[in-house]
Amino acid sequence: MIPPGADTVLVRYGDIGVKSTKVQRDMEDSLETNLRAMLDSRAVPSEIDWRWSRPRIRTAEVDAAAAVACDTFGIVSASPAVSVEPTMAAICRALSETAGALGVEGPFAVSARRAGEREAHPFTSEDIEREGGQAIWDALSDPAVDLDDPSRTFYVECRSDEAFVFVEKRTGPGGLPLGSQRPLVALLSGGIDSPVAAWELMKRGAPVIPLYFDFEAYGGVDHVARAVESARTLAGYAPNHTRDLRIAPAGAAAARFVEGIGPTRMLSLRRFMLRVGERLARETGAVGIVTGEAIGQKSSQTSANLAVTDAVAELPVHRPLLTRDKQEIIARAREIGTYEDSTVEAGCNRIAPEYPETNASLEAVEAAEPDLDALVEESFAGIDRVGL
Ligand SMILES: Nc1ncnc2c1ncn2[C@@H]1O[C@H](COP(=O)(O)OP(=O)(O)OP(=O)(O)O)[C@@H](O)[C@H]1O
């Protein structure tokens, strides 16, 4: 719901606000840079005006700008607003026009916040709520007030230089600005889970370097295309950070594992992927790896098997979906727009053995495993980049 004449999007952040002054300032800089890049990449003409820890986006396209803000990591909520002079008359006029244009089904309430120097305004926030409420009452044909359970709340934010009227707070992702953490390599399969896992780490500020393994003869027909689409959707949240997908050839490794390893095959495959991921991390300055694994979701993801998988890695392996149920992951994938890219089961179905081990020991895996070094080097050397 957009007030008539809306010209500004008010933006709020959460976790950034509890940091020390210096960290907060650095994060605000990153947030502004990222927001600018997001607005530019989605072609929303706008200016960002940063005052009192509260970014304001000035634009004629408030709906589009609010949608962009709500896709920007670090932002908790955004409100399309109309800006007016910080006087009672101007505020009441804006409230009256907003109520007249949008109408109200059921009772309404006014919630006002007056900030800035006391002497800047000869009125309090309670005054705004009372007089503004009267202005709305007069503008409606069948008005009713319910401060505890309104069907619409009219918000007023009054600062010393400007006041804003708005009626909604759209929810953003929250988290921290992208780039406030060191990057991670994201193993991106094009399935449902791994794009969600990568997004969760991006939300906490870590840019990702997406890496897809092409199993060639063992992969599905459109696996590469789906991985590219998932990576492209993720890159849409990170236009100034993620610009390409790395594709590592993995057909030779898959063939070796299929021919030579029985029940522990998938664990060696995961260990191979982690090793290539680590090679890429070291080359790109990334400090860890992200996967979409969740405890017990597949035979390779039992608590015992994850321990064996991790034993091959020196860098930390982040699994933000570790404790999530599939339905929760699907809901998130729909929210962030990666579900459509990944609706066909991807990954390792053609490689999996008939009777996979669910409780492997490191000794058993290592005994069955060929020397990974050469396979890792070959795959790493063949990595290709696809622009997103
Ligand atoms: N082809 C691949 N390229 C890159 N990473 C992969 C690939 N296959 C699997 N992975 C990584 O290993 C994790 C576990 O593999 P699994 O077989 O469960 O994946 P999937 O079901 O194919 O895809 P997803 O986990 O994304 O739904 C994935 O979440 C992903 O991080």
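Why does Y218 count as buried? The residue has 20 C-beta neighbours inside 10 Å, and therefore Y218 counts as buried; the class requires 20 or more other C-beta atoms within 10 Å, exposed means 12 or fewer, partly exposed covers the range in between, and C-beta atoms are placed from the backbone.

This is a predicted model, in which local features need pLDDT of at least 70 and side-chain atom pairs count only at pLDDT 80 or more, while totals for chains, interfaces and linings use all residues. Residues are numbered from 1 along each chain as its sequence is written.

**Surroundings of Y218**

Y218 lies in the loop between β10 (208–214) and α6. Helices (H or I, at least four residues) and strands (E, at least two) are DSSP runs, numbered from the N terminus. Apart from neighbours within four places in sequence, Y218 contacts G251, A254, R350 and I351; a contact requires C-beta atoms, placed from the backbone, within 7 Å.

**Helices α5 and α6**

Two packed helices are described by the angle between their axes and the distance between the axes. Helix α5 (residues 193–203) and helix α6 (residues 223–235) have axes that come within 10 Å and cross at roughly 20 degrees. The axes are lines fitted to C-alpha atoms over the stretch in contact, with angles from 0 to 180 degrees between N-to-C directions. α5 is therefore roughly parallel to α6, a term for angles under 35 degrees. On the α5 side the contact is made by P195, A198 and W199, and on the α6 side by S230, T233 and L234. Classed by type, the contact of α5 with α6 has four nonpolar, two polar and no charged residues. Here Ala, Val, Leu, Ile, Met, Phe, Trp, Tyr, Cys and Pro count as nonpolar, Asp, Glu, Lys and Arg as charged, and the others, Gly among them, as polar.

Strand β4 (residues 75–84) is mostly covered, with eight of its ten residues buried. Its pairings are listed below; two strands pair if DSSP finds at least two bridges between them.

| Partner of β4 | Sense | Bridges |
|---|---|---|
| β1 (residues 8–13) | antiparallel | six bridges |
| β7 (residues 163–166) | antiparallel | three bridges |
| β8 (residues 170–171) | antiparallel | two bridges |

Individual positions can also be located. I75 in β4 is the bridge partner of Y13. S77 stands opposite T171 in β8, and V84 stands opposite A163 in β7.

Definitions and conventions:
Angles under 35 degrees count as roughly parallel, over 145 as roughly antiparallel, 65 to 115 as roughly perpendicular and the rest as oblique. Two residues are in contact if their C-beta atoms, placed from the backbone, lie within 7 Å.
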